[in-house]
Structure formats: structure tokens, C-alpha cells
Amino acid sequence: PLFKYGEIRKPTPTKGLLYPRESETREVRSLDGMWRLVKSNPKDPLQGVREKWFANSLRMSGRKVIPMPVPASYNDIATTNSLRDHVGTVWYERILFVPRLWQGSVRTWLRFGSVHYSAVVWINGKNATSHSIGHLPFEVDISGLLDFGGENRLTVMCDNRLGNRTIPQGSVYQAPTDKGTVPVQSYTFDFFNYAGIHRSVHLYTTPLLHISDVEVSTKYSGDGMGRIDYRLWLDASQAAKDTLPTHLMVQLKDRDGLVVAQQINRAVFNGSLLVPNAKPWWPYLMNSDPGYLYDLQFELFVASNNVEEGSTLQDAYRLPVGIRSLSWSNQSLLLNGIPLYLRGFGRHEDSDIRGKGLDNALLARDFNLLKWIGANAYRTSHYPYSEESMQFADEQGIMIIDECPAVNIDIFEPQLLEQHMSSLEQLIHRDRNHPSVIAWSVANEPRSTKQAALKYFEVLVNYTRSIAQGRPLTAAINASPSTCHLAQFLDIVGFNRYNSWYQNSGRTDMIVDLLTEEAQSWRDKFGKPVIQFEYGGDTMEGMHSVSSLIPPLSFLLTSNCNALQLPAFIWSEEYQVQLFSKHFRAFDDLRERMWFIGEFVWNFADFRTAQTITRVGGNKKGVFTRNRQPKEVAQILRKRYFALAHELDRCTLPKDLDVYISRPSTHSRHNEL
């Protein structure tokens, strides 16, 4: 059906939500750890609301209480499929204490990094806040709900159900089982619908009058001059309405702590800093010192009660900032005036046991692997990743295509458009200050061939461009150039195509021509830079091309049963190598046309999906296994990515890129007659 969007409501602009950072005026406490969890009856998900489980300890609910780590998905923590496959609500609870010293003197905030999909929060039985759309943060001032110096009960109801108007979409239907009818969640996206409190929970304080939000943008010129434009917002509790700011001190410090620029503002809370001989933010392997960050410090002063002192420090907040320029044309994407060629991955936040839960050890491992393999970018497929991962990308010089949770969207209702716009608004507000973010992705594989998609995406992209904070817009499209209604509105055209996998399975001789012709078609139709965001094939770790004969048991017991056999066959590690190699040839042909600006493998690592007959333990297209060990293809991809970096940016090649094989002998053979 076709819909009209004249009456849609644009999202209310997000306020605040600065990442919690300690300072002279702020305290931050983590609420991560072991919480308690109760699973609702799937047939009656709102029972707990009716019976007011939030009014008392969850032990009073009469249902089984289990310990649950936060952050983590709850699905894989227990040993039963009833929790893994649960559809509906679960309830979290923990006890916390708040110091008496915080009462009246500061504001106390509760902040969630992400709860999937929707959440309702109570403090001591009183409603505090609610939020929907997972993968994004939310917070609330709970000063008026706390018992300072006493015990406080924090209760969260988490609902994982998806519908036609959620981002992403899904549907719940009733299915008969041996134990009666139960709700089943269906969805078309190809990753497991993990749920729970996925990211850290913080309790933090601010002064009664405080810096509530910061926005920065930067420029870098060829003569070495850096510029930082900034804007601040202030927020005051009722008790601080009469507090008058006297001035704002802004200082920019380099990595060694030296002040390289400063400014004092009176009565205004925006300005610009000029930084001579600035050290720009560069991506990994484009410079010998990638990911250079300055420390931007804001200090807010107010009139002091002591006349002799004049003014006193009211609030302080520090923000890491990378100085760089970003621009684009119909031909290329440029950073600091240099055309970019992106080489990287689509990824997932996914691992054993913890699901999509934040894990700093895993985060460090992933970035070490990204650098080991020579990647310089990835797409946050298919949702916003943790704030901690964005900070790590800034520090490591890894560029990000930042994607909202709109995957496989269909049935383009106005209510869906409002949610879609809200997800992008929240994402852009959260990540606008990160130098690593070089583009916003508005969707992954939407049903963009449908006529209803035309007006839907025109409205969506026009809105997103109005808040895009100096980044181009893109999307990962699996339609064809002749039928897609989305690509015309984008700044960069991205497409997903699985030649020799979903199309022409097993035929690696049907890659180069098909791929180059399709990329050229996207270029000819829309005249924009083009990226391939997804290509690849499922590969079972340790599986090699199998012969038609079954080896005898004695061979299996005494020999390496994974020994290489040729020719390559689908699902084997050899086949993945051949498939990649043919794509490399096509990419090199396309690179010479200048408007082809990036190649992204699907996927960085194997990941969990819903149970289907086409997924053996999940999606196996990873270059690395789910526990982050390399498959055979990782070695040739590493050689390619470093070869590209050396060609384009003259980076130094790793000494271990090639293994020792042989060297020419000083004694050569000769025939004697």
C-alpha cells in the first residue's frame, strides 16, 4: 500500500546524554554486575505491570528469580531454551545505595547504554522513565526518587517483542506446541534477536547547574591550521535557577597535556578555537600517528558567595576531539583533502555466552584483529554499536560507517517512518562528535523496490540530511540499480551482492564480470561514489574441499582428516579463498575508475542467527571464527589490505606478512661435460 506522510511528527531533538565522565565536579558509579532477573509468562507479558511487581522485590512475584549479569544478553546465560527463545518481557532488579552527601547538593542521574528492545524503569516503585529502540542510550534525573543514605531498589522491565512499527521490524504469532500455544517472534534479519540490558548502567552526578550537552565540529587546512567550533547547552534544577554563570573557560590540550588553544567566553556558550600546527586525526595506516586526539576541556564558572573570590568553578567536562576535515563529491570521499579508499568489514556485536553484551576484552581483541589484518574501516551493521567501541575507533584511527537499526524494513507506514527518523536522530546526536564517523547509513537491505519506498525514503533522507552534522548519507542496498527507489537520494551508493554464493553458487568464474558490470550500472544510473558493503560466503572452520570418497576409519584416527583436497568446494576454506580472490580482481578493475571507493567483507566474524536449516550454528561468513580465530582466508585478506595501504599511503609492511620459504642458493647447478 501507498501511504501519505504529511502528518508525521518529526522527532523531538534529544537533549543531554553526554557520556559519563568523572571530573572535579562529577562522580560516576557503575551499576554493572550481578542483577536479579524474573522471566514473565510468555502468554501474559504484562502480568507484572498489572500486579505491580515493581512495587516490591521481585522475589514477591512468585516466579523464579535467577542471577543475571549486566551488561549481557540474557538469552545464553541459562541452560534452557525457554529463556533463550523467550518472547515477551523480563524483569531486572538490583539494590543500590546513594550517599547522603549527594542529597540537595547535586543532581543524580541514572543512565543506560542500551536496553533491547524497550524498557520501563522504576526507582523504589515509582516510575522513572521509559525508552524504546535498542542499541541507544537513555537517562533520567532520579534525584527526587531516591532515599539518600538508604537502600534503593532499581527495577527494569525489558520487552524484546518486535512488530511492524518497530526498528527493526518483526512479528509475533501464536504457535501450537506440545505444551499448548505460545508466542513466537519472527523476523527477516539474519542475526539472533538477543535481548536484555546490553550495555553499562551508570549512576552519576552533576552540579545543580551543569553543562548538559556539547557539540563540536572541526576543520583542518593544508597549511596545518586546525579549527574547532563548539557549542554548549546548560541545564539547571529548580534550586539553581537563580545561579548566574560568569564565564566559560575553554582549553584544548595536546596528548602531552600542553595547552595549545584557549578561550574565555562571557554570556555566550559557543565559539571557535584556532590551532596552529595542529596534529590532524588520520585513519590507521594513512599516517604514522593515526587516531590523534586532543582533550577539549570546558569549565563553567559562576558568581561566588565570597565577593573577594569573584567566581567559582561550577562544572567541568572533558571531551576527546580529533581535528579533521571531511568532504565529498560525486566522485570521491575525502579526509583532510585526501581521497579515501575504504577496506574493512561489516560486523556484529556478538559473542559466545554474552550475546550482544558489552565486553571490553572482546572489544580490545576485535580492534587488535582489525589492525592486524590492515582494515581501516567498518560498518556498524545493522545497528548502533556501543559508545565504548566508538571511543576505541577514535583512538585507533578506524573509520566508521554508522548505521541505524533499520534492517530489511518493509510495510512503509507513517508510524514506522517516525520510529525510523527517531532512531537516526538519536544515533546522530550520540555520535556526532566522533572523528571516526565518516558517514551515516540510513538502512540495510530495505525493500526499496516497492513503490511505497519512494516517498518514504525521500522524506527520511531529507530529514536526516538536515541533521547530518557534516557527514554524507549512504545505505546498504540489495536491490538492483534499475529497481531501487532509495539510491537516488543518497550521497554514496552502497550495495550488497553475494556472487557465487546466493547467486551462481559454487561458480567462482561468475564473479568478476558480474560485479564490475553491476558497480558500473550503479554509477551510470546515479552518478555517485560506489561502495560494495557486503560480499562473501559461508565457511565452516576447518572444513576443506571434500572428495567423493569417504576415508576409512583408520585414516581418520591416524591422519589429518582436514587435509587439503582439490578442487575447491562450497563451504570449504579453499572456496572462501577463491571467492575472495576473484572479488579482489574485480575491485582492482573498479578502483581504476576512481568513483569506486571501498570494499567491505561480510563478515568480520561468525555470529549467531535464528535457527534455520541454512545456518549451521549461525552465519559462518566470518573471516574470523566466533571466538576470534582466523580462518585460512584471513591471511590473504591481510596481504591484500596491507598491499592497498602500501600502494595508496606508503605504509610500512609488517615483517610477518610473509613467512619464510626459501632463498636463492649461492651455489648453482651446472652441467659438466
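The legends below describe close-up views of one predicted model.

The model is predicted: local features need pLDDT of at least 70, side-chain atom pairs count only at pLDDT 80 or more, and totals for chains, interfaces and linings use all residues. Residues are numbered from 1 along each chain as its sequence is written, and side-chain values use heavy atoms, with hydrogens and water left out.

**View 1. A closed barrel of 8 strands with parallel pairing.** The strands follow the order β25-β26-β27-β28-β29-β30-β31-β32. On average, neighbouring strands of this sheet are turned by 25° against each other, direction ignored. Helix α10 (residues 633–649) packs on the sheet and touches β25 (342–346) and β32 (596–602); the direction of α10 makes about 150° with that of β25. Helices (H or I, at least four residues) and strands (E, at least two) are DSSP runs, numbered from the N terminus. Two strands pair if DSSP finds at least two bridges between them. Contact means heavy atoms within 4.5 Å. Axes are lines fitted to C-alpha atoms, for helices over the stretch in contact, and angles run from 0 to 180 degrees between N-to-C directions.

**View 2. Strands β30 and β31 of the barrel.** Strand β30 (residues 493–496) runs parallel to strand β31 (residues 530–534), and 4 bridges join them. V493 has V530 as its bridge partner in β31, and N496 has E534. Why is β31 described as largely enclosed by the rest of the structure? The description applies because 5 of the 5 residues of β31 are buried. Buried means under 20% relative accessible area, exposed over 50%, and partly exposed in between (1.4 Å probe, protein chains only).

**View 3. The β15–β16 hairpin and strand β19.** Strand β15 (residues 209–220) and strand β16 (residues 226–236) run antiparallel and are joined by 11 bridges. S217 is paired with D229 in β16. The hairpin has 5 residues between its two strands, and G224 in the turn has a positive phi of about 90°. β16 also pairs with strand β19 (residues 270–275) in the antiparallel sense, over 6 bridges. Here G226 stands opposite V275 in β19.

**View 4. The crossing of helices α7 and α9.** Two packed helices are described by the angle between their axes and the distance between the axes. The axes of α7 (residues 512–526) and α9 (residues 573–591) come within 9 Å and cross at roughly 35°. α7 passes α9 in a right-handed crossing. A crossing is left-handed if the near helix is turned anticlockwise from the far one by less than a right angle, and right-handed if clockwise. V512, L515, T516 and A519 of α7 meet residues of α9 that include K582, H583 and F587.

**View 5. Histidine H429 in helix α5.** H429 lies in α5 (residues 414–431). Is H429 buried or exposed? At 10% relative accessibility, H429 counts as buried. Not counting residues up to four places away in sequence, H429 touches T14, K15, G16, L17 and D213.
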